[in-house]
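Hi,

Here is the structure I said I would pass on. Have a look at it first, and then read my notes below.

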Amino acid sequence: MTVQQASPPFTIERDHALALLHQMLRIRRFEEKCVELYSATKIRGFVHLYIGEEAVAAGVMPALAADDAIVATYREHGQALARGLPMRAVMAEMYGRVEGCSRGRGGSMHLFDAAARFYGGNAIVGGGLPLAVGVALADRMRGLNRVTACFFGDGAAAEGVFHESLNLASLWQLPVLFLCENNLYAMGTALERAHARTDLAARAASYGLPSEAIDGMDVLAVEAATARAAAEVRAGGGPRFLEFRTYRFRAHSLYDPELYRDRDEVERWKARDPIALFAGALREQGLLDDEAMARLEDDVAAEIADAVAFAEAGALEPVEDLTRFVYSEERRP
Amino acid sequence: MTATLPATVKLTYREAMRAAIREALQRDERVFLMGEDVGRYGGCFAVSQGLLAEFGPERVRDTPLSEDTFVGAGIGAALAGMRPIVEIMTVNFSLLALDQIMNNAATLLHMSGGQFNVPLVIRMTTGAGRQLAAQHSHSLEGWFAHIPGLKILVPATLEDARGMLWPALQDPDPVLIFENGRLYTLEGELPAEPPPVDIAHAAVRRPGDDLTLITYGGTLGTALAAADRLAAEGIDAEVIDLRVLRPLDDATVLASVARTHRAVIVDEGWRSGGLSAEVSARIMEGAFYDLDAPVARVCSAEVPMPYPYHLEQAALPQPDTVAAAARALIGAAHG
């Protein structure tokens, strides 16, 4: 399987380029703020950072339509923000406030938004794949030409449900876009320590899905591959599998002392930081200068400050509401 | 006189269930049936025979042997506007899908702050008595009744086999229906136009004054047979069919026990940590001072279900063991 890269020089609209860069910066700065807030005990629980992987969410989402569906993982702050969930609602969810995108019920790992067809952060590795197959099945049975984009990591490829889901989606030719964020580690277990064959795209291809591996640090390569695959899915070509080769720069979660990988490896990957790579390429093309970069940073900082203020001012759900939504409160059509 | 439709039809539990699925497929285009061998084979227990021919492969879907995925796909389809009926061959196989049932179906509504409900029906066979040994014969519905977010139905009669599916499909949340395999050949008559049934209440299947036998599913017949034996001895047993294991209808149980002052719970599940323990605890909590004797339980022996007929029968609640437990209670009360 070849890893496709968008080789510079490239042509891109300046506004679009800056939008991609802006999205990656939003995700990174948001999460850096989350680390700070975690240390200040404003945010608790498990928090899984996406830092290093921003090019994947930022590249995938513009290639999807507003009525496509997203099934996300527990490392989904980037997926949620790039999909357009308001940063205020995501930050309030981190705070466990009722204004959060899941009423504060889910926290970092369980961001939901029905309006965005964002079917949630799922914290069971691989647990979202069957849901995506079902959402796609429903869309097709209802005659709706929509794509379901399903995120998961390399760890999911070791779960039985990964193989079941790829098989079923391929068998029924369902409109699912399987998006593997291969960051080389299932928590602390390296890919080669868990998989007899480490080429995940090749394994997906064995179920009859057209599959390719993409440089996940290259936002343009991610966007181009996703747009191409989504168009094929939308045209009725059945499911597609994209493996984005990426890396998380931070620990697995904020509890992780990182005993399982060495600093040199992390530094080698940081040399391919997706934000620095893309910003550098844009500068070379004359599409970005210090002033424009500063404007982007200021804009992101202002949005984050606003989101934090919103979350701080948020309300805690009344304890009397604890048992609400175990069952539906009304019959629905 | 003009010809009229017969007022009643003769049918089996299996046929009643099939008629219910057929009716659901006719009434609501969002409904579809999915599971292992539900189509060409006609269902492992022949429940869905003929439905593929009538409704086609889009709505009667044979799946690969992938319980976790086809149950999860049912959840996803329910989330996105369909009304799936997912069939799992037996409750033992449902363990392969427990992740999806517990971590998604039962959890999504609460975890999403009320945004995503899961209007899904899962049907499966449960119970022993057919010499299918230790991986096809258990009664684990009590486990599922432990889980908030699910509704658990246990049709024990033809009326309920025919009537429970439609209200289950109208429910906005996941409903699991457990069909005891011994019941598929149960035969009787139903009105040609069967009246609707509720999926909220227990039912008194036999009124009586001396003690209450509380049961559900495959052991309803066992309890009724025990009640007949007791009647011959002058003991008048009331028999309650729980019908719904979650949420439990405490009111019907407590009202009966308040009158009869004695209760025997008959449960094909295991005793330890099981549904019978829950019902017993609720009687203690709600009717302790009405009791003339400790609550008794007759459950399956705490063994994996054995294959040979005599051992399997010895492991299951029987009319004799239920009647003996009832007599002991009457004796205790009089002693």
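Let me start with chain A, which has twelve helices and nine strands. Bear in mind throughout that this is a predicted model. A compact globule of 333 residues would have a radius of gyration near 20 Å, and chain A agrees with that at 19 Å. Its C-alpha trace spans about 55 × 50 × 40 Å along the principal axes. Of the 333 residues in chain A, 53% count as buried. If you take the contacts in chain A between residues at least 6 apart in sequence, 77% of them join residues at least 24 apart.

Now chain B. You will find 14 helices and 14 strands there. The radius of gyration of chain B is 20 Å, close to the 20 Å that the globule rule gives for 335 residues, so chain B is as compact as a globular protein of that length. Along its principal axes, the C-alpha trace of chain B covers about 65 × 60 × 40 Å. Buried residues account for 54% of the 335 residues in chain B. For contacts in chain B between residues at least 6 apart in sequence, the share joining residues at least 24 apart is 79%.

On confidence: chain B has a mean pLDDT of 96, with 97% of its residues at 70 or more. The model as a whole scores ipTM 0.94 and pTM 0.95.

Where the two touch, domain 1 of chain B puts in 23 residues and domain 2 of chain B puts in 22. On the domain 1 side, α7 (141–144), β6 (151–153) and β7 (175–180) of chain B each supply at least two residues. The most comes from β6(B), with three residues. By type, that side of domain 1 of chain B divides into eleven nonpolar, eight polar and four charged residues.

The two chains also meet each other. That contact takes 33 residues from chain B and 36 residues from chain A. On the chain B side, α3 (67–79), α5 (98–105) and α6 (108–111) each give at least two residues. The largest share of that side is the ten residues from α3(B). The chain B side that touches chain A is made up of 13 nonpolar, 16 polar and four charged residues.

Which residues sit at the centre of things, in the sense of touching the most other members of the largest nonpolar core? They are A:Cys150, B:Leu213, B:Val264 and B:Ala326, in a core of 200 residues. Domain 1 (8–191) and domain 2 (203–334) of chain B both give residues to this core, so the core lies between them. As for A:Cys150, leaving aside neighbours within four places in sequence, its contacts are A:Val71, A:Gly128, A:Leu129, A:Ala132, A:Val176, A:Leu177, A:Phe178 and A:Leu179.

One helix I would look at is α4 (residues 87–94) of chain A, which is mostly covered, with seven of its eight residues buried. Among the buried ones are A:Met87, A:Val90 and A:Met94. The cover over the buried residues of α4(A) includes α1 (14–39), α3 (77–83) and α12 (290–312) of chain A. After α4(A) comes A:Gly96, which has a positive phi, near 70°.

Finally, two single residues. A:His77 belongs to helix α3 of chain A. Is A:His77 buried or exposed? It is buried, because 31 other C-beta atoms lie within 10 Å. Not counting residues up to four places away in sequence, A:His77 touches A:Ile27, A:Phe30, A:Glu31, A:Tyr50 and A:Val90; A:Val90 is also one of the buried residues of α4(A). A:His77 and A:Gly120 are 43 residues apart along the chain, and their C-alpha atoms are separated by 11 Å.

The other is B:Asp228, in helix α10 (residues 220–232) of chain B. B:Asp228 counts as partly exposed, because it has 13 C-beta neighbours inside 10 Å. B:Asp228 and B:Ala323 are 95 residues apart in sequence, with 9.2 Å between them in space, C-alpha to C-alpha.

Cheers

Terms used: Residues are numbered from 1 along each chain as its sequence is written. Chains are lettered from A and ligands numbered from 1 in the order in which they are written. This is a predicted model: local features need pLDDT of at least 70, side-chain atom pairs count only at pLDDT 80 or more; totals for chains, interfaces and linings use all residues. Two residues are in contact if their C-beta atoms, placed from the backbone, lie within 7 Å. Helices (H or I, at least four residues) and strands (E, at least two) are DSSP runs, numbered from the N terminus. Ala, Val, Leu, Ile, Met, Phe, Trp, Tyr, Cys and Pro count as nonpolar, Asp, Glu, Lys and Arg as charged, and the others, Gly among them, as polar. A nonpolar core is a set of buried Ala, Val, Leu, Ile, Met, Phe, Trp, Tyr and Cys residues joined through C-beta atoms within 7 Å. A residue is buried if 20 or more other C-beta atoms lie within 10 Å of its own, exposed if 12 or fewer, and partly exposed in between; C-beta atoms are placed from the backbone. Domain bounds come from an automatic or database domain assignment. The radius of gyration is taken over C-alpha atoms; the globule rule is 2.2 Å times the number of residues to the power 0.38. pLDDT is the predictor's confidence in each residue, from 0 to 100.
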